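I opened my notebook to look at this structure one piece at a time. Here is what I looked up, in the order I went.

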Amino acid sequence: MFQPPACRPDQAGCLRNSLILPLLLLLLLYSSLKATQAAKPKGPGHTHLNSIRIDGDISLGGLFPVHARGHDGKPCGELKKEKGIHRLEAMLFALDRINNDNNLLPNITLGARILDTCSRDTHALEQSLTFVQALIEKDGTDVKCLGGGAPIITKPERVVGVIGASSSSVSIMVANILRLFKIPQVSYASTAPELSDNSRYDFFSRVVPPDTYQAQAMVDIVKAMRWNYVSTVASEGNYGESGVDAFIQKSREDGAVCISQSVKIPREPKQGEFDKIIRRLRENPNARVVILFANEDDIRRLLHAAKKANQTGHFIWVGSDSWGSKISPVVQQEEMAEGAVTILPKRQSIKGFDRYFISRTLENNRRNIWFAEFWENNFSCKLSRHAVKKGSGLKKCTNQERIGKDSHYEQEGKVQFVIDAVYAMAHALHNMHQELCPGKVGLCAKMDPINGTHLLKHIRRLNFAGIAGNPVLFNENGDAPGRYEIYQYQIRNGTAEYKIIGHWTDQLHLNVRAMQWPGRVRQIPSSICSHPCQPGERKKIVKGIPCCWHCERCDGYQYQADTYTCKMCRFDLRPNENHTGCVPIPIVKLEWSSPWAVIPVLIAVVGIMATLFVVVTFIRYNDTPIVKASGRELSYVLLTGIFLCYATTFLMISTPDVGICSLRRIFLGLGMSISYAALLTKTNRIYRIFEQGTMSVSAPKLISPASQLVITFTLASVQLLGVCIWFGVDPSKAIIDYEDQRTSNPGLARGVLKCDISDLSLICLLGYSMLLMVTCTVYAIKTRGVPETFNEAKPIGFTMYTTCIIWLAFIPIFFGTSQSTEKMYIQTTTLTISVSLSASVSLGLLYMPKVYVVLFHPEQNVPKRTRSLKAVVSAATMSNKFNPKAGLRPNGEAKTELCESLETQSFSTKQTYISYSNHAI
C-alpha cells in the first residue's frame, strides 16, 4: 500500500501537504470504487473518465483546458478551440513524431493518458488522480461477483510523467499531488513565480519562462538606455500589480533604477481618471519613462489622455507583453505611441504542426474524443441530423469541411511549448534508457518501474534544440530561460509599424542603432533626476529621493571609488589629477650623488685610507717597542672596529634590500662595539694593574694577551647575540615608508625606501655601544691619576670625552628632525658622520701620535732596561710624585721599561712575577 513520505514539522510545504492528504485519500477512494465498478478491458483511444488513452510501452500524462470553467454546478463549460484543442493536438503530434523517430527511444513506444482540466483546479485535481492509480495497491476482498468468482480489477497504466497544466493555479494543485508520488511534471504554459520554489514544487519543471523574467527584461532595457528615474502604471488585478511589483523588486535588487510615481488604474475607472494619472506622471518632468503593465483598453485610454494633455513626444512608454505588437492600443494615436518599447515572449509558428492540424478530419482523428465537438464548433454545424433545429442557423456537418479552408485557422501561441515539453520528457527517458539499459532493445528490468526521482534528474540535465530550434533546458528550479523579443513602435515615411530591435535570453541583446525616438531623432532621450557628476565627484543622495543627488568633490588622498563613494587611496598610492583613481606614490632613497651622501662618503673614504695606513705601519713595525707598548693584539682589534665604523657609511647609503638591511643591523653597532670593547679592556687593564701594583707584587688576573682578546670578543659578542635574537624575532627586510613624506598635498607625497629599523630600534642597536662607551669613559676618569709615562689613560680619556660630546650632539639633531620632510637625508647623514667622527677621534688621538713617532722619530723607538714590575711601578709612582717633569723624557723611559720588563718575563714560568709582555698600553 502506498505510504506518503513522513513530514517533519519544520519541513517546507508540510502544512500544505497535510491539508491535501485527506482530500487526496477521499478522491482516491472514489476513483478506486468507480474503477472497480467499470472494470473492463480498454482499447486504444477508449474514453475513460473523460480522457484520451493511447497505448504504449511508457505512458505520459497530459493536462489541457479542453473546456472552459463550467457554471451552474457544471464542471465544464464551452469548448476552447485554440487553448484546448490546438494544445492537445500538439501533444498528439509530438507523440507521433517521437514514435516514428528511430533515433529517439528506438523500439520504445510512448503512450498517453490525456485529461481535460476544464480550466478548474479542483476538477483537474480529481482528474489527475488517474495518474497515481497504478501506484496504489487496490484491496478487492470486499468486492463480490454474482457468480462467486474473484473480481477482475484492471490495473491502469503507470504514468511516468505529466505534461501540463496550462493554468498556474491548476499546476500548483496538481504539483502538490504528483510530488508525493515522485512523478515529474513539465508545464507548457504555467508562468507563476510561485512555481519556482524548488522546496515546494521539486518535481515541477516548465519550458516557458516565469513572469519574473519579463520584469527583469524590462529592467535591463531601462538600464541599457541609461534611464534611472521612471514611473510605473499598472491595471488593477493580479497581472498588472504583480508585474509592477516584480519590476520594482528587480529594480531595487539592481539598484540602478528608481521609481518616481507608481500609479494603479482601477478596474472600473471613473471619468477623468486617466487625465488624473497623466497629471501625476507630469509632477516629475525628469521621469519621462513610463513602465506599463496594463490591459489593452487601459493602454489605449492612457495614450488618449496623454494626447489630450498635449504630451506628445514627452513620455517614453515601455510596455509589457499585454501591449506587445498589438495594433488596437495605438489606433488613431500613433504619434503618441511613437518610440514605445514593448516586449513579447519569443514564439514561432510550427509549420509541421500546421500541415498536421489542417489535415485532421473526423475519419483520421478518432483518438481525440473531443475532436467531433471541435468540428461542430469550428464549422458551425451538427453531426447529428436531429440536433439541427430550424431557425438556429446551423447545418448538418458533411464531413467534407476542411480546417483552414472552410474556417479561419491560426496556430495557438503555446503549441511550440507543448511540443517542447513532450520532447523534454522523451529525451529524458531516452538518456535514462541509455544509462540503465545500454545496448538493450526496449525496456529492461532497471526501468520497470521507472524511478521518478531518477527521471527528474535527467529532465533537469537536458539541453537540446526544440521544435523551433531554440535550446530547451532548465535551471536548478526547473525554469526555462526567458526568451523575449523586443519591439519598438516607429513611424517611417508616414507608416507606423512595430520593429524588432532586440531580444532577451537571460541577458539583453539590443540594437540601439535601429531605435528611433519621438520627433524622428536617434539620440536616446533622458529620464534622470540629476545630471551625472564630473569625474572625481561622488553622488550624495537626497534624502527620500534615491535617484536625486548632489555632487561632492573627492579631496585629499581620496579617489572616486564608485558613483556614490569616495575612498582613501591605499597607503602606497595617491589620487591622480582628477581623483578618479590612484597611482603609485614615487619612491625615493638616498642617492650617491646627493649632497647628503657625498660628505659622509668623503669622510668615510679618508677614514678608511687613514685606518689602512695605520694598520700597514703597525704591521711593518710590528716588533718595535712603540708597537709593542701599544698592545698589538688589542690595537689590531680596535683598528678593525674603526674600519667597520667607516665602512658602515656605505651600507647606510646603499639601496636598501634584504642583504643590505641585514648588514646594517650587524655592522652598524658592531664596529662601535668592537672599538669600545677594546678601549674598555685597555682602560680596565690599566686600572687593575696600577691598583694591584700599589698593594701587592702579584699581578692581577686576566691580563694576558689571550685573556684580553677573550674579554674583548666576549663584550663584542653581546652585540652579535642581540642582533641574532633580533633576526629571530623580526627578520630583516626592506620597506617603503609612506608616512615620512606624506604631505597634505598628494602631489608632493613620496615613499621612502629604507630598512625596517625604527628610531627606537636604532637606539637599542646603538645602546650597547653607548653603554661600553660610557663605561670606558668612567674607567678613563678613574685612571686619570696614573702617571702619563706608564699608560695611555689620558689619550683614551680625551677620546671618550670627545666621543661623548659627538653623540650628545647627535641625539637632538637625529630626533629633532623626525617630523621634517628631509628626515631621511638629515638622519642618515647625521648618523654616518657621527659614527665616522667617533672613529676618527679614536684613530687620531690614539694612533696618529704613535705613527708619527714610528715614522719620523725612530730614535725614540728603542728598548730600555728591564726591571721588576714592583720596582717599575714604585719608581714610576715616586718619579711622578717628586719629579713632575719625568714625563718629558723621550718616549717615556719608565713606560718602555715597564713593557720590556713584562715582555722578558713572559718566557719564564718559574719567575716570581707573572709576565705582562705585549700587554702594555
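**Notebook: loops first, then a helix pair**

I started at His 579, which sits in the loop between β25 (573–575) and β26 (582–584). Helices and strands here are DSSP runs numbered from the N terminus, with H or I over at least four residues for helices and E over at least two for strands. I noted that His 579 has a positive phi of about 60° although it is not a glycine. At 12% relative accessibility, His 579 counts as buried (buried is under 20% relative accessible area, exposed over 50%, partly exposed in between, with a 1.4 Å probe and protein chains only).

Before going on, I wrote down that this is a predicted model, where local features need pLDDT of at least 70 and side-chain atom pairs pLDDT 80 or more, while totals for chains, interfaces and linings use all residues. Residues are numbered from 1 along each chain as its sequence is written, and side-chain values use heavy atoms, leaving out hydrogens and water.

Next I looked up Ser 380, in the loop between α11 (371–379) and β14 (381–382). Its phi is also positive, near 50°. Is Ser 380 buried or partly exposed? I found 41% relative accessibility, so Ser 380 counts as partly exposed.

Then I checked peptide bonds. Most are trans, and most residues other than glycine have a negative phi. Gly 164 and Ala 165 are joined by a cis bond with omega of about 5°, and Ala 165 lies in the loop between β6 (159–163) and α4 (168–178). Asp 448 to Pro 449 is cis too, with omega near 5°; I found Pro 449 in the loop between α12 (415–436) and α13 (452–460).

**A helix pair**

I turned to α16 (residues 632–653), a helix of 22 residues. Of these, 16 are buried, so α16 is largely enclosed by the rest of the structure.

How do α16 and α21 (residues 823–846) pack? I read an angle of about 160°, with the axes 9 Å apart (axes are lines fitted to C-alpha atoms over the stretch in contact, and angles run from 0 to 180 degrees between N-to-C directions). The two helices are therefore roughly antiparallel, the word for angles over 145 degrees. Contact, meaning heavy atoms within 4.5 Å, involves residues including Leu 638, Ile 642 and Tyr 646 of α16 and Leu 831, Val 835 and Leu 843 of α21.

**The whole chain**

Last, I noted 24 helices and 29 strands. Buried residues make up 51% of the 921 residues in the chain.

Key: The expected span of a helix is 1.5 Å times one less than its number of residues. Angles under 35 degrees count as roughly parallel, over 145 as roughly antiparallel, 65 to 115 as roughly perpendicular and the rest as oblique.
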